[in-house]
Each structure stands twice: as structure tokens, then as C-alpha cells.
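Please look over the sequence and the structure shown below before reading the report. The notes that follow concern a few selected features.

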Amino acid sequence: MVSAAEATEIDNHFKQRLQQSKERRAARGKDARIAAHHARLAKNPWREVTGLKFLVNEAKTPGTRPFAVGFAVIGAFALYAQMGFSDEMKANSLYWQTFHAKKPAGGH
């Protein structure tokens with residue numbers, strides 16, 4: 001025979017399974033799919049995230065982590081190299097004078 005505790009446990013199990021079946025049944029059909037689609041859109045999916053939140057999300061993703069680390073290293077190196085340029089170096093650089101230096105008001 002089954003004790004009262006076991007019977008209660010079995011009864012709860014079947015109630016839970018019945019509830020799951022009802023949820024699955026309710027999720028079928030065109031109207032349910034449309035409602036589920038609208039519910040997903042209301043959650044602000046990762047495709048709509050922008051800015052720093054997006055970069056952090058991408059850096060956490062295992063597939064893009066090597067790219068994110070490499071991007072950070074290259075960015076840090078570029079920042080370090082840029083900060084190393086003195087005003088004298090900029091004045092003597094043809095590239096800097098051509099593309100970045102402030103030009104006089106009347107010149108080209």
C-alpha cells in the first residue's frame with residue numbers, strides 16, 4: 001500500500017504535470033504565437049541594446065571574448081601611442097600637419 005505522504009506526493013506530481021500540459025496546450029495556435037512574440041519584444045532583446053551595455057554584453061559572450069580582448073588590447077596600445085606624441089613631434093610630422101593641425105582661417 002501507499003502511505004498518505006507518498007499519495008500526496010504522487011497527487012502533487014500529477015497536478016504539476018497537468019498544469020504543464022495545460023500551459024503547452026495554451027501555447028499552441030496562431031494567437032498564442034502572436035502573444036508570445038509580443039511578450040518577447042517587450043523584454044528589450046539583446047539586438048536592441050546599444051552603447052556600453054552592448055559592448056559589455058558582447059565581451060561576456062564566449063564566442064566573441066577573444067575578439068573583445070584583442071580589441072581592448074589594440075585600443076589601449078593606440079591610446080598609449082597617441083598620448084606619447086609631444087607637441088614638438090606633432091609640429092614636425094607632415095601627416096599631423098596635413099590632416100589634424102588647425103589650419104589658418106584663410107588657407108586651404
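## Aromatic pairing

In this predicted model, a search of the whole structure finds 2 aromatic pairs. One of them is formed by tyrosine 95 and phenylalanine 99, whose ring centres are 5.2 Å apart and whose planes are at 45° to each other, so that the pair is classed as tilted. The angle falls in that class because planes under 30 degrees apart count as stacked and those over 60 as edge-to-face, with the rest counted as tilted.

Both tyrosine 95 and phenylalanine 99 belong to helix H6, which covers residues 94-99, and they are 4 residues apart, about one turn of the helix. Tyrosine 95 is exposed, and phenylalanine 99 is exposed as well.

## Positive surface patch

On the surface, a patch of positive charge is made up of Arg17, Lys22, Arg24, Arg25 and Arg28. Of these residues, lysine 22 has its place in helix H1, which spans residues 4-26. Lysine 22 has a relative accessible area of 43% and is therefore partly exposed, since that term applies between the limits of 20% for buried and 50% for exposed.

## Valine 56 in helix H3

Valine 56 is found in helix H3, formed by residues 51-60. With a relative accessible area of 38%, valine 56 is likewise described as partly exposed.

Between valine 56 and serine 21 there are 35 residues of separation along the chain, and their C-alpha atoms are separated by 38 Å.

Methods
Residues numbered from 1 in each chain as written. Predicted model: local features only at pLDDT ≥ 70, side-chain atom pairs only at ≥ 80, totals over all residues. Heavy atoms only, no water. Phe/Tyr/Trp six-rings, centres within 6.5 Å; stacked < 30°, edge-to-face > 60°. Helix = DSSP H or I, 4+ residues; strand = E, 2+ residues; numbered from the N terminus. Buried < 20%, exposed > 50% of the residue type's maximum accessible area, 1.4 Å probe, protein only. Patch = residues over 30% accessible without salt bridge, like charges linked within 9 Å, V, L, I, M, F, W, Y side chains within 5 Å. Areas by Shrake-Rupley, 256 points an atom, 1.4 Å probe, with all protein chains shown as cover. Salt bridge = Lys/Arg side-chain N within 4 Å of Asp/Glu carboxyl O. Lys, Arg positive; Asp, Glu negative; His and termini not counted. Charge placed at Lys NZ, Arg CZ, Asp CG, Glu CD.
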